[in-house]
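Below is a briefing on one predicted model, grouped by topic.

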Number of protein chains: 2
Amino acid sequence: MATIYDVAQLAGVSPATVSRVFNGVGVSDEKVAAVRQAAEQLRFTPNRTARTLRRQSSEVIALVIPDIENPYFTEMARGVEDVASEAGYSVVLCNSDAQVEKESTYLGIAIAEHMSGVIIAAASERTDLTAIRAAGRPVVAVDRGVGSDVDEVVMANRDAGRAAAESLIEAGYRRIAHIAGPENIETATERAEGWRRALQAHGAEADPELLRFSSFRVDGGREAMEALLALPEPPDAVVAGNNLIGVGAIQVLTERGLTPPRLGVAVVGSLPFTTLSPTAVTLVRLPARHMGVTAARMLLERIAGDAQPTRTVVLRGELQPASVLR
Amino acid sequence: MATIYDVAQLAGVSPATVSRVFNGVGVSDEKVAAVRQAAEQLRFTPNRTARTLRRQSSEVIALVIPDIENPYFTEMARGVEDVASEAGYSVVLCNSDAQVEKESTYLGIAIAEHMSGVIIAAASERTDLTAIRAAGRPVVAVDRGVGSDVDEVVMANRDAGRAAAESLIEAGYRRIAHIAGPENIETATERAEGWRRALQAHGAEADPELLRFSSFRVDGGREAMEALLALPEPPDAVVAGNNLIGVGAIQVLTERGLTPPRLGVAVVGSLPFTTLSPTAVTLVRLPARHMGVTAARMLLERIAGDAQPTRTVVLRGELQPASVLR
DNA sequence: CTGAAAGCGCTAACAC
DNA sequence: GTGTTAGCGCTTTCAG
């Protein structure tokens with residue numbers, strides 16, 4: 001690998017001049033041309049490691065998510081990536097697997113690798129941001145708040161939960177269950193809260209049996225749905241707490257011949273790879289990509305030195321009611 | 001951030017000794033203890049950038065994939081990640097978006113950041129590996145071969161295509177179409193070849209109209225399925241070239257009331273988030289995770305200095321025939 | 001087993 | 001505008 005010294009020698013200038021050419025500061029046109037030509041010839045690529053060591057910062061941001069296999073998070077990742085690469089930053093995607101330990105490891109790497117900032121969808125409420133904050137790195141929390149005082153981009157979860165439940169009520173369902181995510185995750189409890197309020201507001205039955213906390217995964221949705229169907233008095237509709245829970249619940253229903261809308265289903269999130277008729281299920285689509293875009297912009301502002309008080313952006317889901325009714 | 005000098009001073013040893021403690025070479029027990037204690041106290045984390053600059057290599061591998069939103073690739077990513085992190089490596093996930101330019105950018109970053117190696121699912125046959133190879137970094141190709149002479153882990157695509165088509169033939173379908181991926185991607189053409197052979201072997205109709213090249217995405221599957229149904233003599237079954245094509249095709253079928261098995265469907269790949277009864281569609285499940293695991297192990301061997309001739313590992317799909325027949 | 005010292009490749013003062 | 005030079009924090013000979 002060629003270095004700036006090789007280029008400098010070939011171009012007949014000093015290493016500093018080569019560096020300047022690659023960093024856009026005042027160099028005379030002839031020298032710029034000479035340097036570029038020499039660099040070309042030697043296939044010179046600036047060594048980012050050396051630059052990072054010297055500058056004490058790198059154009060890399062870390063994106064830490066709890067489930068890389070969930071399309072909701074990968075869609076968000078696309079948003080982050082688009083904004084970041086536009087601004088000359090690369091994104092490294094870290095999968096915490098919803099484990100606080102793995103998450104800490106990645107946060108440690110982000111510090112040790114001098115990454116410029118972190119966007120994180122926290123694994124749980126126990127997520128520990130003290131080290132990364134102490135290192136002075138900007139952090140933006142997405143999807144879920146974290147205890148600390150950092151910028152946040154979250155969804156209007158309560159509203160989403162309420163809209164999903166109300167859509168079902170309006171469609172005439174009377175006994176509406178809710179399969180929520182883990183009880184220690186803010187998004188899950190907020191959506192559940194929205195569901196509860198919708199039922200109360202419409203004088204519908206809010207049987208505690210009808211609320212199930214599970215995992216934000218397909219098998220979580222399956223298990224909870226099975227348990228609900230096994231109830232002495234099963235529900236006639238269900239609100240799924242996220243996309244994967246929705247998939248699991250609908251799988252079970254399909255296997256039992258209860259395909260929506262025979263049993264009403266509303267999902268907080270999208271069903272990206274559904275093979276179901278898109279009109280049979282109510283969706284509250286969450287703008288995942290937009291969340292990523294917003295978070296990335298905020299992070300870049302912070303990296304650029306913006307020191308205003310922390311902000312919280314709340315994004316709204318879009319109701320797409322089922323058009324096929326039972 | 002504390003450095004080894006701070007730790008050395010506090011522990012009363014030399015910086016070299018601190019370095020040795022953190023790299024597991026012979027240091028007396030007392031000094032090890034002193035250093036560890038000092039490091040703890042100062043919350044010292046080794047600066048990876050400096051280490052990388054000095055060592056000319058970092059414990060990071062790049063995983064370049066064409067579509068981060070495709071569960072097939074994220075599942076593979078999990079496999080890579082598990083093996084890598086076990087071995088103390090981190091994985092940075094790069095989304096080439098099936099564009100050769102983006103892919104080159106990431107490959108350039110991999111070089112400039114001194115990453116130890118690359119696992120790549122090539123964007124197309126035009127993928128250019130010369131720079132990364134010239135830089136002496138080990139490369140493993142996954143899912144699709146690349147022109148160059150590198151280790152490969154691929155699927156038995158021809159067999160998968162054949163098995164999918166044969167399953168449909170055995171179920172009694174007579175006019176079996178195939179929606180393939182892009183014509184310039186090896187996996188697509190090989191699976192199509194398998195489909196063709198199955199039809200020929202069973203004396204079935206191999207109307208060229210029935211073969212459609214599209215994209216490996218949901219909309220590709222949708223468009224091709226619609227075109228097939230618009231044919232004067234539409235097919236009675238279809239082999240989808242990958243998971244997302246399968247989703248798109250089934251979506252269209254569902255909208256037209258042709259839910260499988262009314263029109264037979266076989267998919268090369270899995271339908272991870274399907275809400276369909278799992279027995280209505282034939283699947284040739286591809287071991288994506290295993291592909292990632294294998295590729296990561298091979299790469300790690302190369303990084304460790306293994307210089308044997310390049311290997312190609314072919315992984316076999318698993319047929320899971322539809323159990324509900326028409 | 002341990003320490004001194006020389007860089008890895010680059011950038012940023014500081015001179016000229 | 002341009003060159004000289006001193007590190008960024010770490011590893012790794014080379015002595016001892």
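## Briefing

The structure holds 4 cavities of 30 Å³ or more. Here a cavity is a set of points on a 1 Å grid over the protein atoms alone where a 1.4 Å probe fits but cannot get out, while a pocket is an open set with protein on both sides within 12 Å along at least five of seven lines; lining residues have an atom within 4 Å of a point. Grid points are joined across faces, edges and corners, and a volume is the space filled by probe spheres set on the points.

This is a predicted model, in which local features need pLDDT of at least 70 and side-chain atom pairs count only at pLDDT 80 or more, whereas totals for chains, interfaces and linings use all residues. Residues are numbered from 1 along each chain as its sequence is written, chains are lettered from A and ligands numbered from 1 in the order in which they are written, and side-chain values use heavy atoms, with hydrogens and water left out.

**Cavities**

- The largest cavity has a volume of about 370 Å³.
- Its lining has 29 residues, and those nearest the centre are A:V92, A:E113, A:M115, B:V92 and B:M115.
- At least two lining residues of the largest cavity come from each of α4 (48-55), β1 (58-65), β2 (90-95) and α6 (100-112) of chain A, and from each of α4 (48-55), β1 (58-65), β2 (90-95) and α6 (100-112) of chain B. Helices (H or I, at least four residues) and strands (E, at least two) are DSSP runs, numbered from the N terminus.
- The lining of the largest cavity divides into 18 nonpolar, 8 polar and 3 charged residues. Ala, Val, Leu, Ile, Met, Phe, Trp, Tyr, Cys and Pro count as nonpolar, Asp, Glu, Lys and Arg as charged, and the others, Gly among them, as polar.
- The second largest cavity has a volume of about 70 Å³, and the residues lining it include A:C94, A:N95, B:R78 and B:E81.
- β2 of chain A, and α5 and β2 of chain B, each supply at least two residues of the lining of the second largest cavity; by class this lining has 7 nonpolar, 1 polar and 2 charged residues.

**Second largest pocket**

- The second largest pocket holds about 700 Å³ of space.
- It is lined by 39 residues, of which B:S270, B:L271, B:P272, B:F273 and B:R285 are the closest to its centre.
- α10 (218-229) and α11 (243-255) of chain A, with α5 (71-86), α9 (186-201) and β10 of chain B, each give at least two residues to this lining.
- The most comes from α5(B), with 6 residues.
- The lining of this pocket has 16 nonpolar, 11 polar and 12 charged residues.

**Parallel sheet of chain B**

- An open sheet of 6 strands has the order β2-β1-β3-β4-β5-β11 (chain B), with parallel pairing. Two strands pair if DSSP finds at least two bridges between them.
- β2 and β11 (312-315) of chain B are the edges and have a single partner strand each, so one side of each is left without a neighbour in the sheet.
- The twist from one strand to the next averages 20°. Axes are lines fitted to C-alpha atoms, for helices over the stretch in contact, and angles run from 0 to 180 degrees between N-to-C directions.
- β3 (115-120) and β4 (139-143) of chain B pair in the parallel sense over 3 bridges; B:I120 has B:A141 of β4(B) as its bridge partner.
- α6(B) packs on the sheet and touches β1, β2 and β3 of chain B, at about 155° to β3(B). Contact means heavy atoms within 4.5 Å.

**Mixed sheet of chain B**

- Another open sheet of 6 strands runs β7-β6-β8-β9-β10-β12 (chain B), with mixed pairing.
- Its edge strands are β7 (211-213) and β12 (318-320) of chain B.
- β10 (282-285) and β12 of chain B run antiparallel and are joined by 3 bridges, and B:L283 has B:Q320 as its partner in β12(B).
- α10 (218-229) of chain B lies across β6, β7 and β8 of chain B, at about 150° to β6(B).

**Backbone geometry**

- Most residues other than glycine have a negative phi, and most peptide bonds are trans.
- A:P260 and A:P261 are joined by a cis peptide bond with omega of about 5°.
- The peptide bond from B:P260 to B:P261 is also cis, with omega near 10°.
- A:R43, not a glycine, has a positive phi of about 55° and is found in the loop between α3 (29-42) and α4 of chain A.
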